[in-house]
Amino acid sequence: MDPTLIGLRTQDFHESLKVVTTFGPKEVKFKNTLLIGKASSLAMHLRGLLYIEQYEQIEYAAASLGINSIELPVVLRELETIDFIRITKSGEQVKRIDVKVPEFRSGYSELGKRWQDLRPNELEQAGIASLEHLHHGPVAVPVLQSQYSLNSNEFAIMSDVMMCGQLLAIQTVDGTPTAYSPLAVDGNPSAYLQWAKRFPNEVTAAIETLTQSQGLSMSDGRIASNKSLMDAIQTGVIMPVTVSGATGAQRFLFAPRGGLAPEEKTILDKSRAILSCVRYGQSFSQGVAIKYPRRILEVLRDNKQFNRGHPDLMSQYGLLAEKLIGHPFEESTNRWNFRIDDTDENMKALNIAIEMLEYGTSSSVSIDLDAQKALLSPSQYQGPASTRPRMTSDPVVSEVTRADIIRELTKLTRGMNTHG
Amino acid sequence: MAKTLDKDLPLKLQFRRILFAEGYWSPLEVELSNYEDLGNTLKRRSLTDLDVLGIKFDRLFNRTCVVGDCKSGKNVSDANRLFWLRGVKDYFGADLAYYLRPNIDSHIAAIAPKMGLCALPAAHLDGLELRLRAKETGAALGDFADFETTLQRWGIGTTKGVSPSQEQLQKKRVYSFLSYIYWYIERFRALMQLVGSFESVAHVLSPDDDRDVLLAFVGAERFAHCLLEAAAFIHSHGMQNIPAHARLYFYGGPFGLREKERTFDLIRKLGVVNEELDPPWLRDTIELLGRMLHNPNGACDVLRYISVAYVSCVLHKKQEVVIPNANGSPIEAIVLAKDITLQFAKATGIRESIFDSIRSI
């Protein structure tokens with residue numbers, strides 16, 4: 001499996017399971033995956049920084065990301081192993097953490113390779129592979145189970161852990177238990193599963209098309225001729241974003257992305273709106289078409305407005321005003337520019353739009369604004385207003401997993417554990 | 001072999017301190033040469049050495065280059081020397097050139113500006129050093145003894161009458177590259193050649209050999225210099241696509257890049273090797289370049305910090321690097337200087353432990 005995908009999926013594991021209280025199978029069977037997932041999550045928050053002088057700063061940030069101060073040194077050691085950070089010490093004290101997280105590549109490849117080096121157990125390997133599989137469409141549970149060399153007990157433990165974190169869900173479709181990942185579903189899972197049932201052979205390719213070209217126009221040949229995608233749009237599995245510009249209304253499509261907290265969902269909506277407006281300018285502009293979409297988004301992020309306005313801009317970016325991202329203003333007679341409101345959420349939305357444009361997927365969706373603030377703030381404690389507590393949930397596990405936990409505890413109590 | 005210290009040295013060191021206080025980095029051993037193609041070999045002809053060279057990058061990555069000619073003897077024709085200095089300034093492409101003497105006659109002081117030069121007498125230099133607090137700042141560069149020690153460690157260190165070993169001959173080529181070729185070739189070629197040059201001796205450089213440690217630090221300084229030159233190119237071409245602009249620079253522009261890519265395509269078609277054009281270390285070097293471009297407050301001063309790191313951490317065994325009255329952002333500069341040094345080791349295959357002295361700065 002591609003190390004980049006492994007890196008991404010380990011982060012999914014950590015992000016999803018950090019809100020589940022500690023329980024044996026999660027901590028014991030998935031320890032390497034969670035460790036690299038934590039390292040991935042922290043690395044993505046450190047990106048762009050040059051150094052951190054106060055260790056407490058990183059402790060606060062890590063805490064927001066579900067990494068406690070006891071775990072932090074181990075996570076930092078992993079990041080140091082892959083040369084993403086360098087810890088400078090004065091005696092036993094950490095003097096400074098120099099940051100070297102790559103900016104021109106995703107960095108997940110190194111994280112994925114590190115996970116492989118840690119020799120993950122079979123359960124972890126199956127968990128990562130099946131999560132990746134489910135990102136491309138649902139699959140019948142017996143088929144999923146047959147793909148990995150896990151016995152039924154092991155498969156049950158893996159499923160339980162993944163279901164606790166909502167990485168995996170099972171629904172019966174026409175009598176067949178079908179597994180899907182809520183991370184790969186935008187809206188109603190039932191509609192998604194029915195769609196997958198109607199087009200069992202086309203789902204993977206359809207999702208791939210959208211991931212490769214986020215913000216694809218519905219008038220693009222790849223959509224118009226694709227029955228499965230048209231069906232997904234009609235049944236609400238994929239929800240297009242509409243932009244009404246100077247040459248009429250156009251609809252743009254995005255690969256589904258689920259498993260987000262409500263505030264993350266709002267930011268993703270904003271990112272999709274931003275990217276749709278830029279796609280409109282690329283293909284449906286009345287004047288000069290946008291040649292370098294990434295540059296346009298970077299200018300908007302860095303300068304908070306475009307370098308030069310044009311007459312179509314008001315209608316083309318009107319959607320962004322509706323979504324409270326910013327507002328058009330008249331630069332000169334009949335020449336409009338757009339000013340983005342400089343809020344943390346809007347800047348995050350722009351970064352996500354840039355990543356979707358470049359890589360098809362965005363790790364920044366999971367960027368925690370509280371953690372980012374902690375890293376940038378000279379005083380570490382953010383105050384109750386900005387530090388958002390999350391309720392942890394208790395795991396709901398099957399009888400098989402429960403029996404396994406009890407078996408292990410019994411062995412320990414009897415002194416039968418060989419520690420081998 | 002011990003080197004003889006020249007009588008102009010006090011003047012040179014004083015000017016070096018003044019330049020340092022003004023943010024300039026002064027590389028060791030700079031000699032201008034010309035290379036002639038003699039069919040199967042290149043013949044080097046020495047033109048002249050530069051007494052003092054100062055290079056500075058500002059926060060917009062603009063480079064300023066100063067050359068200084070120091071003469072303390074009596075039998076010197078100042079006018080001839082000025083004409084010579086003007087030629088050196090033009091040949092080297094320096095922005096400023098200083099002529100430094102214990103005393104300057106009034107007619108020399110008058111004609112120097114007409115030639116785009118500046119002639120300074122020692123008394124003026126003393127005043128300047130005081131006003132700029134250059135002694136205080138320049139202390140970070142070490143004293144006369146430190147400079148002497150550094151010069152003693154520069155070179156392969158053969159004894160008269162004893163033939164150099166194979167290893168020494170290998171290292172000699174690196175010294176020769178740093179002293180002559182580095183200043184002769186086009187700037188964009190310097191990074192690849194520098195890394196190639198050190199790669200060839202990486203296996204014989206020892207952290208326990210004082211000469212090797214100095215050689216590695218000088219290599220790291222030059223690596224930083226190459227990156228700053230690249231940063232200047234990228235900055236002037238726009239920051240929107242740093243990796244693409246970096247490759248354009250290192251491969252000599254769009255035509256150079258295209259030619260090299262096509263050559264590699266052909267090599268791959270032959271099926272002998274399956275190499276990519278970019279050497280494996282280039283990806284992380286471009287990441288480092290990106291960090292420098294995004295942190296100009298520190299990046300502009302990394303050259304001085306690497307020089308001072310050698311004096312402070314290697315010669316004085318300290319665990320800190322301080323430049324009094326430094327502008328910009330010292331921590332940014334230290335972090336980047338360390339990054340550059342360790343990336344240089346990674347790119348060339350030199351053992352990282354050769355830079356152990358700066359591990360805790």
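These are my notebook entries on a predicted two-chain model, chains A and B.

**Ground rules.** I number residues from 1 along each chain as its sequence is written, and chains are lettered from A and ligands numbered from 1 in the order in which they are written. As the model is predicted, local features need pLDDT of at least 70 and side-chain atom pairs count only at pLDDT 80 or more, while totals for chains, interfaces and linings use all residues.

**Where A meets B.** I looked up the interface and got 13 residues of chain A in contact with 14 residues of chain B (contact: C-beta atoms, placed from the backbone, within 7 Å). On the chain A side, β2 (85-90) and α15 (293-303) are the elements that give two or more residues. β2(A) gives the most, with three residues. I take helices (H or I, at least four residues) and strands (E, at least two) as DSSP runs, numbered from the N terminus. By class, this side of chain A has seven charged, four nonpolar and two polar residues. For the classes, Ala, Val, Leu, Ile, Met, Phe, Trp, Tyr, Cys and Pro count as nonpolar, Asp, Glu, Lys and Arg as charged, and the others, Gly among them, as polar.

**Helix α6(A).** Next I went to residues 108-117 of chain A, where A:Y108, A:E110, A:L111, A:G112, A:R114 and A:W115 are buried. Buried is 20 or more other C-beta atoms within 10 Å of the residue's own, exposed is 12 or fewer, and partly exposed is in between, with C-beta atoms placed from the backbone. The cover over these residues includes α1 (3-17), α3 (31-46) and α5 (72-81) of chain A. Just after the helix, I noted A:R119 with a positive phi of about 55 degrees.

**α7(A) against α9(A).** I checked how α7 (residues 122-135) and α9 (residues 152-164) of chain A pack: the angle is about 55 degrees and the axes are 10 Å apart. That makes α7(A) oblique to α9(A). Axes are lines fitted to C-alpha atoms, for helices over the stretch in contact, and angles run from 0 to 180 degrees between N-to-C directions. Under 35 degrees counts as roughly parallel, over 145 as roughly antiparallel, 65 to 115 as roughly perpendicular and the rest as oblique. From α7(A), A:L123, A:A126, A:G127 and A:L131 meet A:E154, A:I157, A:M158 and A:M162 of α9(A). I sorted the residues of this contact into six nonpolar, one polar and one charged.

**Two helices of chain B.** I found α12(B) (residues 282-294) mostly covered, with 10 of its 13 residues buried. Among them are B:L282, B:I286, B:L289 and B:L293. The cover includes α9 (210-237), α10 (242-250), α13 (296-299) and α15 (330-348) of chain B. By contrast, α4(B) (residues 122-131) lies largely in the open, because the number buried among its 10 residues is one. Just after α4(B), B:R133 takes a positive phi of about 50 degrees.

**Positive phi in loops.** Most residues other than glycine have a negative phi, so I looked up two exceptions. A:D174, not a glycine, has a positive phi of about 50 degrees and sits in the loop between β5 (169-173) and β6 (176-180) of chain A. A:D174 counts as exposed, because it has 8 C-beta neighbours inside 10 Å. B:K317, also not a glycine, has a positive phi of about 55 degrees. I placed B:K317 in the loop between α14 (302-315) and α15 of chain B. With 8 C-beta neighbours inside 10 Å, B:K317 counts as exposed.
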